[in-house]
Amino acid sequence: MTSGQFDNYIDGVWVGSQKRITNVSPSDTEDVLGDYAQASVEETHAAIAAAVAGQRGWQATGLEHRYKVLMAIGDELLERSEELGAQLSREEGKPLAEGRGEVYRSGQFFHYFAAEVLRQMGDTADSVRPGIEVETRREPMGVVVVITPWNFPMATAAWKIAPALAFGNAVVFKPANLVPASAVSLTEIISRQDMPAGTFNLVMGSGREVGEALITSPAVDAITFTGSLQTGKRIAAAAAANLTKFQLEMGSKNALVVLDDADLDLAAECAVNGAFSGTGQKCTASSRLIVTAAVHDAFVEKMCERMAQLKVGHALDAQTQIGPVVDAGQLAQNLEYLELGTSEGAQLVCGGEVDDSKGYYMTPALLVNSHNAMTINRDEVFGPIACVIKVADYEEALATLNDTQYGLTAGVITRSLRDATHFKRHARTGCVMVNLPTAGTDYHVPFGGRKSSSFGSREQGQYAVEFYTEIKTTYIRSA
């Protein structure tokens with residue numbers, strides 16, 4: 001690959017393309033990271049064919065070798081977390097500390113699933129018929145398509161690619177077109193490992209061409225996707241036509257509930273962290289802040305005080321706490337939702353200022369006097385905007401929280417063990433946080449949501465084996 005131009009990786013070879021896109025930093029639109037190849041439909045099919053062939057060799061590779069490969073990938077990610085984290089922040093816009101942390105976490109995913117390689121155990125049982133023994137074992141799915149979003153360009157890829165490889169699958173990886181640099185860097189690390197050609201492939205390009213070719217291919221055995229609800233439904237329909245196994249992580253409309261007995265300093269800190277870290281561009285962000293009437297005014301005052309202290313700036317500035325939004329389209333969408341929210345009756349009490357002279361900067365915005373039927377409280381905004389919803393008591397707070405088509409994360413701030421216990425059992429979400437921000441999950445436990453937020457088996461931790469393998473039952477006559 002020549003300097004400044006970056007290619008796809010197919011069947012163990014870097015493959016150029018006449019069609020390319022320019023990758024520009026959202027912190028400074030004059031800062032160009034490079035030109036990135038766009039795969040054709042034919043190249044995408046070639047990557048799938050390479051994966052079919054490569055997977056057979058990878059499945060036959062010994063467990064210790066697979067373990068060493070994943071450990072080596074994880075080691076390099078950890079060792080280069082500062083360098084690659086700066087690249088990630090430059091490309092996506094999240095603050096430098098968050099970029100470094102994401103790369104480091106990505107390395108931890110590979111280390112965790114390296115250990116899982118050696119934990120692949122089967123079961124045995126006596127048959128109900130005499131003289132027959134039964135054993136069960138897990139085998140790889142085959143070719144796994146990995147489609148990832150732009151908001152966590154390294155971590156989301158890692159938590160899908162690592163288990164796919166750990167359990168003996170081949171991968172065709174399609175990243176979001178807004179963040180190709182992180183995908184290429186991860187691919188470069190993987191490409192240096194001793195794996196059969198075709199075991200891992202990178203195809204960058206549009207969802208309309210590359211994505212469509214991937215999700216409609218009958219040669220693909222499984223598809224794992226993180227992105228919008230609309231795209232997830234399209235993938236589900238395409239996969240169903242071929243009876244391809246699929247796993248979807250989609251939209252969210254998470255809420256943080258603040259009760260009468262809450263520590264309001266903690267509540268404001270959790271709300272600011274959950275709603276605005278990563279510029280609010282997280283599927284786990286607290287976009288709804290449901291607050292009981294007794295503490296509503298005091299909470300809003302603390303929120304505005306805390307938000308005024310946030311430093312918005314260039315992602316690579318060490319002092320920055322809130323970086324730019326990812327691109328001009330996202331910034332325009334954020335402003336449209338602000339306008340819609342105020343037109344529906346909500347009041348903007350702090351934030352929402354824009355500076356797009358060099359990048360796509362927006363100060364975090366807080367809306368009050370909102371109610372749960374407003375569009376801004378129904379749609380996933382995916383930006384640094386949070387809406388406060390005043391409720392009478394815990395019962396109304398819980399009902400309001402559950403009144404959404406989504407169900408990814410939910411949080412409650414309370415000193416009451418009774419309310420916390422009831423909340424964690426009755427919040428209709430996949431993840432529940434008590435006295436913590438809604439954003440922030442561990443890599444060794446299952447992650448996923450309910451309702452329209454997720455479909456299929458859980459990601460991460462030991463539960464990942466459910467998606468990336470299938471069960472084989474063998475009967476053996478022993479007498």
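Reader: How many bridges join S21 to S22?
Author: Keep in mind that this is a predicted model. In it, S21 and S22 run parallel, and threonine 409 stands opposite cysteine 431 in S22. The number of bridges joining the two strands is four.

Reader: And which residue stands opposite isoleucine 413 in S21?
Author: For that one, look to S13, which runs parallel to S21 and is joined to it by four bridges. The residue that stands opposite isoleucine 413 is valine 258.

Reader: Is S21 (residues 409-413) largely enclosed or left open by the rest of the structure?
Author: In a regular strand, side chains alternate between the two faces of the sheet. Here Thr409, Gly411 and Ile413 point one way from S21, while Ala410 and Val412 point the other way, and every one of them is buried. Since five of the five residues of S21 are buried, the strand is largely enclosed.

Reader: Which are the edge strands of the seven-strand sheet?
Author: The sheet is open, its pairing is mixed, and its order reads S15-S18-S19-S14-S13-S21-S22. An edge strand here pairs on one side only, and that picks out S15 (347-350) and S22.

Reader: At what angle to S18 does helix H11 run?
Author: Helix H11 covers residues 328-343 and lies across S15, S18 and S19. Against S18, H11 runs at about 25°.

Reader: Back to S22: is methionine 433 buried or exposed?
Author: Methionine 433 is found in S22 (residues 431-434). Leaving aside neighbours within four places in sequence, it is in contact with Ala410, Gly411, Val412, Thr438, Gly440 and Thr441.

Reader: How far apart in space are methionine 433 and alanine 51?
Author: In sequence, methionine 433 and alanine 51 are 382 residues apart. In space, going C-alpha to C-alpha, the distance is 39 Å.

Reader: How much space lies in the largest cavity?
Author: The structure holds two cavities of 30 Å³ or more. The lining of the largest one includes Ser252, Lys253, Gly280, Glu380 and Phe382, and by class it divides into four nonpolar, four polar and three charged residues. The space inside is about 80 Å³.

Reader: Which elements give two or more residues to the lining of the second largest cavity?
Author: That cavity holds about 60 Å³, and of its 13 lining residues, Lys253, Arg288, Thr404, Tyr406 and Thr429 lie nearest its centre. The elements giving two or more residues are strand S13 (254-258), helix H12 (394-402) and strand S20 (406-407).

Reader: Which element gives the largest share of the lining of the second largest pocket?
Author: About 390 Å³ of space lies in this pocket. It is lined by 17 residues, and closest to its centre are Arg119, Gln120, Met121, Arg138 and Phe167. Helix H2 (63-79) and S7 each give two or more residues, but the largest share, five residues, comes from S7.

Reader: Last one: which residues of helix H7 are buried?
Author: H7 spans residues 207-215. Its buried residues are covered by elements including H1 (41-60), S8 (143-147), S9 (170-174), S11 (222-226) and H8 (229-242). The buried residues themselves are Val210, Gly211, Ala213, Leu214 and Ile215.

Note on methods
Residues numbered from 1 in each chain as written. Predicted model: local features only at pLDDT ≥ 70, side-chain atom pairs only at ≥ 80, totals over all residues. Heavy atoms only, no water. 1 Å grid on protein atoms, 1.4 Å probe; cavity = no way out; pocket = protein on both sides within 12 Å on 5 of 7 lines; lining within 4 Å. Points joined across faces, edges and corners; volume = space filled by probe spheres on them. Nonpolar A, V, L, I, M, F, W, Y, C, P; charged D, E, K, R; others polar. Buried < 20%, exposed > 50% of the residue type's maximum accessible area, 1.4 Å probe, protein only. Contact = heavy atoms within 4.5 Å. Pairing = 2+ DSSP bridges. Axes fitted to C-alpha atoms, helices over the stretch in contact; angles between N-to-C directions.
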